[in-house]
Amino acid sequence: MKQMNTFIMKTPLKSIKHVIFIAILSTLVLSSCNETPVPIPDFELPNTQRVVLFEYLTGVKCPNCPKGSNVIKNMLNTFPDKIAVVGVHGRLQTEPLKESKYDFRTEASRLLEEFHRPFLGKPSAMINRVKFADEPFRAVDLVDLWPSYVEGELKKPQLIDIALTSLYDKASRRLNLSLGFLPKVNMAGTYSVSIFVTENKIIDLQETIGRIIPDYEHEHVLRHMMTNVTGDDIGTNLSRNNLISKAYSYTIPSEFVVENLDIIIAIRENSTGYIHQALLTKLDQ
Amino acid sequence: MNPRIIITLFIVLNSIYGNSQEKTEQQGFLTGSVELNANVFIKDSSINAFNIPQYETQFFGGESWVSLQYTKNGLTAGLRYDMFLNSNLRNPTDSYSDRGLGRWWIKKSFEKLEISVGYLYDQIGSGIIYRAYETRPLFIDNALLGAKIKYRLTDDWNISAFGGQQKNAFDIYGGSLQGLSSDYFVSLGETSPITLSPGAGFVHKNISNDAMDRIVNSLKGYLPVDRFGPIYSSYAFSLYNTLTYKNISWYAEAALKSNDIFYNDFALQTTPSGGLTNGKYVLDRGSVLYTSISYASKKLGLSFEGKRTENFNFRIDPNLRLLRGYISYIPPMNRQNTYRLTARYAPFTQEVSEQAFQVDVKYKWTKKLNTLINFSYINTLDGDKLYREFFSEVNYKPNSSLTMNGGLQVVNYNQNVYEQKPEAPIVKTFVPYFDILKKINRRNSLRVEGQYMHTQQDFGSWLNGLIEYGFVPGWLFEISGMFNIVPKRTLIGASKPEKILYPSLGAVYAKGPNRYQLRYVKQVEGVVCSGGICRLEPAFSGVRFSLSSQF
């Protein structure tokens, strides 16, 4: 009986202490909501001649890719003439749908996607092929982060200029490119050039979340690479103001609509893989 | 801490105190475990087991975990060495290689005080506001690298405080976590007492500057209608209690989260052209209400679970996706099935919008006959159907050498939401199954199981069978096959749906705490779950060896 009394006396006291502890915790919660929000600065277009290479890993069976494409459209409006987009339809989620008119897969896109592994899923994007801090891979899979990474790249100094002269013969569909690379500083390392041929305004099926879009406008579809997938070497330890020239030619297949083609050139430092500068030109210009 | 120093320390300690599992804690003892998986990848494009480096160029991959733990006089110290070689665990569609010290920790008790430092696993309540745990098959290891202090105020009342940063493979995530919890026990009455185990917990999350920079930069691209002022800190608080009375046990927990940034895949974002797309960062409060009540008597076992979840995606960095960076763990609301076809469609716990309940009834008719019925119901808060499961089982054991199980499972599974597959209808399955175990004699046993899944959706209907022969000492041989008997899906490279057999052949040897398994496996793409945490795994073709050992 004595033990019972002790128990009855102690239990409410301990319960009260416990309730007090919980009350302190609750107070912590209620008093902890006064943080001043971080202001969102207004957007300022970086004053630069830099152009960012944006390699977009996508596919017609990728339900989230239309969202990625929307983000790209917005970025092209936000950063006019500062982004060169290459849509890579490699292997993952690229099998055409039953009613698809086109198969966007090419050997170049397959190899390029392999070259960009690993990535978590699609859509993903390589932005100047940078491995950003806190990202598990070079390919960034969270589309909302793309604009900030592009903006960050545009704020970096431009080290090299690319000049391009293109001659297109309509009769033979032959395209001749004369390239010039002019370093603005001495650049250590070995460099290579990649040339992508992409096509816009292709209307075909596309999966999206919950449905298939029958008349989706596919943009930036990689059709061909005029160089090796990993690029063609242009030189080692480039000297300031020392012009490097290269020439390429390509016969455009009849199934490609020339007016919708873009030619994209990118300069890469081989050891890091970093893209120093890109250039986009339209063949209809 | 340098791994070599720690390993050397263990070797020295073990040499001093000897390999003495039988020694008492005062004398000190060393324990450990080894887990190893090795896979040989054999490309099979007919089942879509291809297109990842392991099938194309690497052919071999695996992972291992070696743990050591030393205990003496209230001091416990441990370490774990992890190795991944061409592993497909981190990302099922890619290859991952790395190695190093996966975990170390030290725990010391001083009468009423207990101090732990290192990589710590822990949880508050059922884990809704905080759970640091490891699930190897899903590459989840979100241990907290930090410290914890636990103080025993009375015999019935503990309080704890902890703080640290979350583990990210061999690195840590930016940002920090701090928490407090209190657990109490009270017994009311002497005969048939009512016992209460109330508790409360509090967690503070602070995201890193890098994470904030990324959010701010993303919000810069949002239209004003979708923008908000981001904050670094958020808080979660939970109250929970377990009440027991006679054969009844009732657990209830209410968790609240303050304004917190998270990525809501279902929120609509306005585009500059005026259109809408799915998914954006949001700043919102969250809540989870969870309860489970169970009753058990000699013949009848009853349990009920209910849950309501709203905006409770609670991660150390709002930019993280998939299974990365979770602070919270929300209990699943469906039965954890074991047979291959009854486990095929399992629901992933939804953090943004879910209301669910589950009922489980067991009845023992006689010593030989038991039955079980389970029903799970999961919807979004808007009432959209996510998951239904009716599961029944009859267990009949006519004598000590024969056990028979059989039953029926009916599932409705929202593949569109759980696997984000466009235009996928609700998958409706109907699965009768049986399992018979015959002990031939003291040394030999035979087990046969079979399931048939009837469905018009996804891959179509399946037939699965398994024969398992076991004999002393510790050997088990199995042969099984999963056959797409009425196929509905056309795989890559095929022109029409094809009837495909996914065979497996394996042997297991177990002796004491050691277990070795070698299997040839062809496995269809499917969802792999552990406690309501799931991910879609691609098809597998190859040979798997696994070893687990404790010492």
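Figure 1. Asp458(B) counts as buried, with 23 C-beta neighbours inside 10 Å. The term buried stands for 20 or more other C-beta atoms within 10 Å of a residue's own, exposed for 12 or fewer, and partly exposed for values in between, with C-beta atoms placed from the backbone. Residues are numbered from 1 along each chain as its sequence is written, and chains are lettered from A and ligands numbered from 1 in the order in which they are written. This is a predicted model, in which local features need pLDDT of at least 70 and side-chain atom pairs count only at pLDDT 80 or more, while totals for chains, interfaces and linings use all residues.

**Figure 2. Two further loops of chain B, with Phe139(B) and Pro473(B)**. Phe139(B) sits in the loop between strand S8 (134–135) and strand S9 (140–141). Its phi is near 55°, again a positive value in a residue other than glycine. Phe139(B) is buried, with 21 other C-beta atoms within 10 Å. Pro473(B) lies in the loop between strand S27 (460–471) and strand S28 (475–487). The peptide bond that joins Val472(B) to Pro473(B) is cis, with omega near 10°.

Figure 3. Leaving aside neighbours within four places in sequence, Val150(A) is in contact with Val52(A), Phe54(A), Met75(A), Phe79(A), Ile83(A) and Ile127(A); contact means C-beta atoms, placed from the backbone, within 7 Å.

**Figure 4. Helix H2 of chain A**. H2(A) has 14 residues and reaches 20 Å from its first C-alpha to its last, close to the expected 20 Å, where the expected span is 1.5 Å times one less than the number of residues. Its buried residues are Cys65(A), Lys67(A), Gly68(A), Ser69(A), Val71(A), Ile72(A) and Met75(A). These pack against S1, S2 and H4 of chain A and also against S19 of chain B.

**Figure 5. The nonpolar cores**. A nonpolar core is a set of buried Ala, Val, Leu, Ile, Met, Phe, Trp, Tyr and Cys residues joined through C-beta atoms within 7 Å. The largest has 53 residues, of which Phe54(A), Trp146(A), Val150(A) and Ala278(A) touch the most other members. Apart from it lies another core, of 28 residues, including Ile124(B), Ile129(B), Tyr130(B) and Phe312(B).

**Figure 6. The contact between chains A and B**. Chain B supplies 53 residues to the contact and chain A supplies 45 residues. On the side of chain B that touches chain A, H3(B) gives the most, with eight residues. Elements that each supply at least two residues to this side include helix H3 (209–220), strand S18 (248–270) and strand S19 (276–296) of chain B.

Conventions:
Contact = placed C-beta atoms within 7 Å. Helix = DSSP H or I, 4+ residues; strand = E, 2+ residues; numbered from the N terminus.
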